[in-house]
Amino acid sequence: MENGGAGTLRIRQVLLLFVLLGMSQAGSESERFSVAEDMQSGSFVGNLAKNLGLEVGELFSRGAQVVSNDNKHPLQLDLNTGDLLLSEALDREELCGSTEPCVLHFQVLMKNPLQFFQIELQVTDTNDHSPVFLQKEMLLEIPENSPVGAVFLLESAKDLDVGINALKSYTISPNSHFHIKMRVNPDNRIYPELVLDKSLDYEEQSELSFILTALDGGSPPRSGTALVRVVVLDINDNTPEFEQPFYEVKILENSLLGSLVVAVSAWDLDSGKNGEISYTFSHASEDIHKTFEINQKSGEISLMASLDFETIESYSIIIQATDGGGLFGKSTVRIQVMDVNDNAPEVTVSSITNPIPENSPETVVMVFSIRDRDSGDNGRMVCSIPEDLPFVLKSSVKNYYTLETGGALDRESRAQYNITITVSDMGTPRLKTQHNITVLVSDVNDNAPAFTQTAYTLFVRENNSPALHIGSVSASDRDAGANAQVAYSLLPPRDPSLPLASLVSINADNGQLFALRALDYEALQAFEFGVGATDRGSPALSSQALVRVQVLDANDNAPFVLYPLQNGSAPCTELVPRAAEPGYVVSKVVAVDGDSGQNAWLSYQLLKATEPGLFGVWAHNGEVRTARPLGERDAARHRLLVLVKDNGEPPLSASVTLHVLLVDGFSQPFLPLPEAAADAARADPLTVYLVVALASVSSLFLFSVLAFVAVRLCRRRRAGLAGGCSVPEARFPGHLVDVSGTGTLSQSYQYEVCLTGGIGTDEFKFLKPIIPNVPPQCPGKEIEGSPTFRNSFGFNIQ
């Protein structure tokens, strides 16, 4: 009990040291159980839950398990009852040899939270081995002059049992010359000595024989026997003497085989054969005979087998020096084995958790223990992992460690870690052991899909075919598995009036966009909508992007002529004075195109004329001008066919017919064309009346407008120059006629109506365009180069 108390005190001191170091805590005392070595497998050892003060269910819920440093598992734990059972029969002699008591150390590992308990299993000895003599027959040569009381060494027997079952006594068969005396050698082994009770007489009896019996202390005792033969020698009265009664040497455990350990020396004063000395091991164990060899002549002890400090730390050998007459002397040699660093540290894994979910807090990855079979600095160990990894090592009790995450892991940054656990000792040279573990990081849906662009611009030409692929959006998710599978969808448009569902659709799997129907640039030039990307994680994460679809124009609109009107009414006739100079503006064809860009660039061409070479059309603005001076021989009526063509591919066009009437001057009344007069003469009276009535109403309306304009002009004339017209600066008067620059007109034209004085026939002319901040000119003061054309009512449009 005193030894057990001292052991418990040492364990408490070690655990207190771990607590002071801030390490994981475990049980502060060791629980000891005892079992006999002959108990069968499955035998009851004890109740662990009861001894540790735990509930039986706690052992199961916390995953209790019994572990040991050498990976041997002679014990098994029943988690349902808390009983400790033998998993195999134990042999005390195999486990501990001659060590007494035989104590095996185990640890109970419990999780949630992590906790250790120390348990000890003492294996008690049973008397299952009999004493055995290495030599079944011993030969002793004893001189006849040996005095009464002389002592002769006998070979001792070997008993593997210990304690009370160990070797206790020796006896010999009855005889009249000897009795047995027992001695204890430095190894606490009992060996027999033969004591002479009666002087020997070589002539009376030259040889004696008897049985030597070795008895152990078991109940019942076991025994072993050997035959002892005593040969009586003639007189030899000097025994060998050693130079030293005790030799002590040290030898490294890695010494080479055959190397000299020590040389012993003895002398004998006798001469001849009685003075010749031979050296032998006395009472040496089997291990000594296997490990060392002594030269019988020289006394040199050599190494025959490898030494192992971790197995045997020292040897005690009795050396016997025997002379030729049978007398001997003895000396003891103690060989101390010195430890060298020849054992690398060992790593034993108890549990491992793999993979580790990302974003998890500190998590125990692995529980393991380390040990080194060397001693001193050679057995001191340091455990480490690379510093650039997000993991930490925490020391626990009795060389147990836990590998834990240093914080939350991110699978997208790194999906696996190759961790090398390095355990090195403090010996010289240092030895190390490396244990590699691959830790996988499992995925958590913590990344939303990300579009390659925040905004996409797609171009589609109008009049496309339905279901046309117009482009794609793409998003990627840094997660893995289902968390990285992306589904695309259209988001509700910001403008509720936009019929998005009938315009485009999206492929949910690959993000391809399709136009559902033909688009019309003139109706919808561009539209925007949002697309969403959602992963299949739980909960699902999503992101958005903006898509702008730009409709490209196609040349699908032909030019439309605004002037002259082509509405099926009476043709519009332009009046041109015969005195007009070359370049005189007869009229201007005004056209527009519903397309845009170069599809709306219009050009003009004179296709057909009554008299070629008399008129020309400017290609860019549609102005019809005289190409040469007019003569009396030129026909009075001319018909011009003008082609208006856009710049699209293929180009589209429209044509317009322009009637031109050559007159001598604007003062003569407008006369109908000869064909028209003839037709009117042939018309019936009712048609004539209708025409006259229509002309009268039109004239009345025209004169009313002109009168209104004249009144306004007279009011403004007070502030202007005499006989001229003026326009207020920075403001256009309301009576100006605005012809917008739609189509091919290069600018907006505003015209002022001025009354022409000094002419017998009142005429109204649309004079040159009015430009802001530039006062308009009166008739007769036209600006050279300003565009002028006349309509059918006799107005000059400039």
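**Salt bridges, a charged patch and backbone exceptions**

Lys290 and Glu286 form a salt bridge, with 3.2 Å between the closest N and O atoms; a salt bridge here is a side-chain nitrogen of Lys or Arg within 4 Å of a carboxyl oxygen of Asp or Glu. The model is predicted, with local features needing pLDDT of at least 70 and side-chain atom pairs counted only at pLDDT 80 or more, while totals for chains, interfaces and linings use all residues. Residues are numbered from 1 along each chain as its sequence is written, and side-chain values use heavy atoms, leaving out hydrogens and water.

Both Lys290 and Glu286 belong to helix H5 (residues 286–291), where they sit four residues apart, about one turn of the helix. Helices (H or I, at least four residues) and strands (E, at least two) are DSSP runs numbered from the N terminus. Lys290 is exposed at 53% relative accessibility, whereas Glu286 is partly exposed at 37%. The cut-offs are under 20% relative accessible area for buried and over 50% for exposed, with partly exposed in between (1.4 Å probe, protein chains only).

By the same rule, the count comes to 16 salt bridges. Together with Glu207, they are linked in a network of salt bridges.

Arg578 and Asp664 also meet in a salt bridge, at 3.6 Å from N to O. Arg578 is in the loop between strand E44 (573–577) and strand E45 (585–588), and Asp664 is in the loop between strand E51 (653–663) and helix H7 (674–682), so the pair ties together parts 86 residues apart in sequence. Arg578 is buried, with a relative accessible area of 14%, while Asp664 is exposed at 55%.

Asp91 lies in the loop between strand E5 (83–86) and helix H4 (92–96) and is partly exposed at 31%. Asp161 itself is buried, with a relative accessible area of 2%, in the loop between strand E11 (157–158) and strand E12 (167–172). Beyond neighbours within four places in sequence, the contacts of Asp161 (heavy atoms within 4.5 Å) include Arg92, Asp128 and His129.

The backbone has a few exceptions worth a look. Most residues other than glycine have a negative phi, and most peptide bonds are trans. The bond from Asn112 to Pro113 is cis, with omega near 5°, and Pro113 lies in the loop between strand E6 (102–110) and strand E7 (115–124). A cis bond also joins Tyr563 and Pro564, with omega about -5°. Asn359, although not a glycine, has a positive phi of about 65° and is partly exposed at 40%. Asn399 likewise has a positive phi of about 65° and is partly exposed at 33%.
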